[in-house]
Structure formats: structure tokens, C-alpha cells
Amino acid sequence: MLTRAERMREVLLEAFAAAEIRIEDDSHRHAGHAGARPGGETHYNLVVIAPDFRGMSRVARSRAVHAALAAEFGSGLHALSLRLLTPEEAAPGGAG
């Protein structure tokens with residue numbers, strides 16, 4: 001059985017071709033907060049670097065990621081901290 005992070009990685013790689021994805025489970029920092037569960041897997045820090053983000057606003061990028069992960073939000077994912085960049089923005093000296 002895959003962890004939520006593994007499932008998210010698979011979904012995001014399918015949704016955003018040639019993406020670099022970094023996922024950190026940050027649930028332990030939210031124990032006792034809204035949406036937190038004893039088993040964790042509710043709060044994540046997510047970095048996605050994808051050419052697909054070119055020409056998209058920050059809001060559009062966030063909406064695209066949230067749409068791709070809709071099933072996870074429906075099954076207990078509570079919160080994401082997002083850093084969504086194009087390869088150019090992620091490059092040394094880039095705007096990201």
C-alpha cells in the first residue's frame with residue numbers, strides 16, 4: 001500500500017510532465033491542530049518544478065495542483081504549503 005506522499009508523487013508526475021517534485025510530511029508540526037490525525041499524512045510541504053507552469057499565475061498553479069490532488073483532499077489531506085516554479089525560476093539566479 002502506498003503512502004499519501006507516494007500517491008501524491010505519482011499523481012503530480014502524471015499531471016505535470018517532466019516535473020521535479022519534493023514532498024515533506026509536516027504533519028508532526030500540526031498535532032492538535034485542525035485537520036491533524038494521529039497517523040499523520042495530513043499536512044505537507046510541496047515543491048513542484050515543472051515546465052507546465054510557464055505562463056501561469058501563482059493562483060493558477062495552485063489551482064492546478066489542488067485539482068490534481070482532489071482525491072487526496074477527499075481522503076484526509078488537510079493542508080499543503082506550496083512552492084510551484086518553472087525550471088527557469090528554480091535555476092540559480094532565477095526569480096523563484
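Predicted model: local features only at pLDDT ≥ 70, side-chain atom pairs only at ≥ 80, totals over all residues.
User: Which elements make up the protein, and in what order do they run?

Analyst: The protein has four helices and three strands. From the N terminus on, they run α-β-β-α-α-β-α.

User: Why does Phe73 count as partly exposed?

Analyst: Phe73 has a relative accessibility of 26%. Partly exposed covers the range between the buried limit, under 20%, and the exposed limit, over 50%. Because 26% falls in that range, Phe73 counts as partly exposed.

User: Where is Phe73 placed, and with which residues is Phe73 in contact?

Analyst: Phe73 belongs to helix α3 (residues 70-74). Leaving aside neighbours within four places in sequence, Phe73 is in contact with His66, His78, Ala79 and Leu80.

User: How many aromatic pairs are counted in the protein?

Analyst: The count comes to one aromatic pair. The pair consists of Phe16 and Phe53, with 5.2 Å centre to centre and 50° between the planes.

User: What makes Phe16 and Phe53 a pair, and why is the pair called tilted?

Analyst: Ring centres must lie within 6.5 Å, so the 5.2 Å between Phe16 and Phe53 qualifies them as a pair. Planes under 30 degrees apart would be stacked and over 60 edge-to-face; the angle here is 50°, and therefore the pair is tilted.

User: What parts of the chain does this pair link?

Analyst: The pair links distant parts of the chain, 37 residues apart. Phe16 is in the loop between α1 (4-15) and β1 (20-25), and Phe53 is in the loop between β2 (43-49) and α2 (58-68).

User: Are Phe16 and Phe53 buried or exposed?

Analyst: Both Phe16 and Phe53 are buried.

How values were computed. Residues numbered from 1 in each chain as written. Heavy atoms only, no water. Helix = DSSP H or I, 4+ residues; strand = E, 2+ residues; numbered from the N terminus. Phe/Tyr/Trp six-rings, centres within 6.5 Å; stacked < 30°, edge-to-face > 60°. Buried < 20%, exposed > 50% of the residue type's maximum accessible area, 1.4 Å probe, protein only. Contact = heavy atoms within 4.5 Å.
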